[in-house]
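Reader: I would like to go through this structure feature by feature. Please give the general idea each time, then the case at hand.

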Amino acid sequence: MSQTVIAVLANAGGVGKSTLSVHLAYEVSRRKFKVALLDLDPQRSLDVFCGLESAEAENTMVKVLSKDFTGDWILASAWNEPRIEVCQGHPFLAEIANELVIRKRGEYTLADRLQKYRLPHDLVILDCPATLGMLNVNALAAATHILVPIQLEMKAISGSAELVEWCMNSSEELQLAPKPQILGFVPSMYDETVAMHRQYHSQLPEIALQLDIKLYPKIRSSNEFKNASAHGLPLHKYRNKHPACKDFKQIADDVIQLIKNK
């Protein structure tokens, strides 16, 4: 039985990838499913969001993508939640990415690891770097589904259409069968008081329709997300009555349906 693997992809930084990854993981885990978060970002954003100390390279995704990996996943518990575990990122991932370029089956390394040394989780979330390099190629090859957070500014919106094209072209080149499905666009950091946000958000339904991609409800901008991550917590554990906690519900509903259908 195949596993649900979701890559959170964007071709720009600061668009809310880690925020989406972490809160989706927490929302799914609340409903009694086990989630593994894999940090493919050399900037190791998940360390901050999950309140984890930086790990040595051999205890991170660097080891998983190394030639000599034999299935000894090193997973850290997030927020003392038994259903959420993290394989941490490390700056050396940038060097591993260069090595993968010349390695046989380098593009499929993560997919091979997840197939040969399967994680005992219902859902695997790949928090990806902001550049469309070898690490994101590995994420694409390993993923069953893709989520695309979109910041509400013109560059990010046009970039998201380019990202969809990259996913389609790369899936063809990698001969992925089945190809990973784009689960949806997720408008992120939405501020109702900003006219530009309202304007761009009004244009997204037509863009999503043209690309035949689902558009999820917006995730609002709130300083409480920053405050929560500064404490190494998801918003649900930092301020569980905050209305933004509900912004991830529909995505989580769809992901849980995917898990149940596997």
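Author: We can start with a loop glycine. G133 sits in the loop between β5 (123–127) and α6; helices (H or I, at least four residues) and strands (E, at least two) are DSSP runs, numbered from the N terminus. This is a predicted model, in which local features need pLDDT of at least 70, side-chain atom pairs count only at pLDDT 80 or more, and totals for chains, interfaces and linings use all residues. Residues are numbered from 1 along each chain as its sequence is written, and side-chain values use heavy atoms, with hydrogens and water left out.

Reader: What is the relative accessible area of G133, and how far is G133 from N98 in sequence and in space?

Author: The relative accessible area of G133 is 28%, so G133 is partly exposed. Buried means under 20% relative accessible area, exposed over 50%, and partly exposed in between (1.4 Å probe, protein chains only). G133 and N98 are 35 residues apart in sequence, while their C-alpha atoms are 9.2 Å apart in space.

Reader: Is S45 buried or exposed, and which residues does S45 touch?

Author: S45 counts as buried because its relative accessibility is 18%. It belongs to helix α2 (residues 45–49). Leaving aside residues up to four places away in sequence, S45 touches S18, D39 and D127; contact means heavy atoms within 4.5 Å.

Reader: How do I read the length and the faces of a helix?

Author: An α-helix has 3.6 residues a turn, so residues three or four places apart point the same way. The expected span is 1.5 Å times one less than the number of residues. For helix α7 (residues 154–173), 20 residues should span 28 Å, and the end C-alpha atoms are 29 Å apart, which agrees.

Reader: Which residues of α7 are buried?

Author: The buried set of α7 consists of A156, I157, G159, S160, L163, V164, W166, C167, S170 and S171. These residues are on the same side of α7, because they cover an arc of only 165° around the axis. The arc is that of the directions from the helix axis to the C-beta atoms. On the face of α7 turned away from the buried side are the exposed residues K155, M168, E172 and E173. The buried residues pack against α6, β6 (145–151), β7 (181–188) and α8 (195–211).

Reader: How is the packing of two helices described?

Author: Two packed helices are described by the angle between their axes and the distance between the axes. Axes are lines fitted to C-alpha atoms, for helices over the stretch in contact, and angles run from 0 to 180 degrees between N-to-C directions. Angles under 35 degrees count as roughly parallel, over 145 as roughly antiparallel, 65 to 115 as roughly perpendicular and the rest as oblique.

Reader: At what angle do α7 and α8 pack?

Author: The angle is about 10°, and the axes of α7 and α8 are 11 Å apart. The two helices are therefore roughly parallel to each other. M154, I157, A161 and V164 of α7 meet Y200, Q203, L204, I207 and L211 of α8. By class, this contact has 8 nonpolar, 1 polar and no charged residues. Ala, Val, Leu, Ile, Met, Phe, Trp, Tyr, Cys and Pro count as nonpolar, Asp, Glu, Lys and Arg as charged, and the others, Gly among them, as polar.

Reader: Where do the axes of α5 and α6 stand?

Author: The axes of helix α5 (residues 109–116) and helix α6 (residues 134–142) come within 7 Å and cross at roughly 40°. That makes α5 oblique to α6. T109, L110, A111 and L114 of α5 make the contact with N138, A141 and A142 of α6.

Reader: What should I look for in the backbone angles?

Author: Most residues other than glycine have a negative phi, and most peptide bonds are trans. R105, in the loop between α4 (93–102) and α5, has a positive phi of about 60°. M189, in the loop between β7 and α8, has a positive phi of about 55°. Just after α7, Q175 also takes a positive phi of about 55°. A cis peptide bond joins A177 and P178, with omega about 0°; P178 is in the loop between α7 and β7.
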